[in-house]
Amino acid sequence: MDEAVDGIEAELVKEIENDKDSSTFSSDSEIEAKHSSVTLGSNKNRLFGRQRPLHLVLGAGLVADIILWRNKHLSGCIFGGVSLIWILFECFDYHFLTFVSHSLIFILSTLFLWSHLSSFINVSPPELPEITVPEQLLVTILLVLRDHTNQALATLRGAVYGQDLKMFLLVILSLWVISVIGGWFSFLSLFYLVFVMVMTLPMLYEKHEDVADSYGEKAWIEIKKHYAVIDKQFLHKVPMLSSHHSKQH
């Protein structure tokens, strides 16, 4: 049964990628709506309650291909490049401005010599493409950053004004964990660690999805049990938390 579902999901991803390349649908939401009946019909207990294939959750585009190593050459180049930068900066104490300057000097000098010596060595001069940053790309990135920033600010505002004390405690705990982790690593090492996790964990999860979902479901059940005990013994004794809990129910 699981193999049949996995086959359906694989065909689903291929169909969605073909739909994105065609002009049949005008938006991703319409594409997902076309295939929602198939994905929601899966009886598997997915991690975090997920109903769709991981590739589709990640966007089913180039970014998803890179993270899941569908394009091994591109993913390997990006992983190797970021690793090289981390080694230069963190292990050899290379400075960012020095790295950028040296890289530009090397690239410009190579292109300059290539273009001026091409007639002597019977090699065609380099053809440099005219690279421009699309306006729509910048607008999209800024809009996404604005939405996430506004959502974070709204959450913090609600926590500060006591609308959700549990959220306030969660924010404080998260900031404290970040401060502790920040004391263990430099910002560059922390960024590289997150990058390695993004480039490895989704790929490993996709390969061992059934095992990970099984352990994840068991862990989530245990977390809910421990939280229920803490909520009963401690959180209900706090007036603000108990009143908020009663409003929710």
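Helices (H or I, at least four residues) and strands (E, at least two) are DSSP runs, numbered from the N terminus. By that rule His55 lies in helix α3, residues 54–57.

The model is predicted: local features need pLDDT of at least 70, side-chain atom pairs count only at pLDDT 80 or more, and totals for chains, interfaces and linings use all residues. Residues are numbered from 1 along each chain as its sequence is written, and side-chain values use heavy atoms, with hydrogens and water left out.

**The chain as a whole**

The protein chain holds 11 helices and 0 strands. Buried means under 20% relative accessible area, exposed over 50%, and partly exposed in between (1.4 Å probe, protein chains only). Of the 249 residues of the protein chain, 18% count as buried. Contact means heavy atoms within 4.5 Å. Among contacts in the protein chain with a separation of 6 or more, 52% are between residues 24 or more positions apart.

**His55**

His55 counts as buried because its relative accessibility is 1%. A polar contact is a pair of N or O atoms within 3.5 Å; within protein, one must be able to donate a hydrogen and the other to accept it, and residues adjacent in sequence count only if both atoms are side-chain atoms. The side chain of His55 makes such a contact with the side chain of Asp65, at 2.7 Å.

**Helices α9 and α10**

The expected span of a helix is 1.5 Å times one less than its number of residues. For the 21 residues of α9 that gives 30 Å, and the end C-alpha atoms are 30 Å apart, which agrees. Helix α10 has 25 residues and reaches 36 Å from its first C-alpha to its last, close to the 36 Å expected.

Buried residues of α9 are Ser189, Tyr192, Phe195, Met199, Pro202, Met203 and Tyr205. Their cover includes α3, α4 (62–67), α5 (72–91) and α10. In α10, the buried residues are Glu209, Asp213, Gly216 and Asp231.

Axes are lines fitted to C-alpha atoms, for helices over the stretch in contact, and angles run from 0 to 180 degrees between N-to-C directions. The axes of α9 (residues 187–207) and α10 (residues 209–233) come within 5 Å and cross at roughly 100 degrees. That makes α9 roughly perpendicular to α10; angles under 35 degrees count as roughly parallel, over 145 as roughly antiparallel, 65 to 115 as roughly perpendicular and the rest as oblique. Tyr205, Glu206 and Lys207 of α9 make the contact with Glu209, Ala212 and Asp213 of α10.

Most residues other than glycine have a negative phi. Trp69 and Asp93 are listed below with their positive values.
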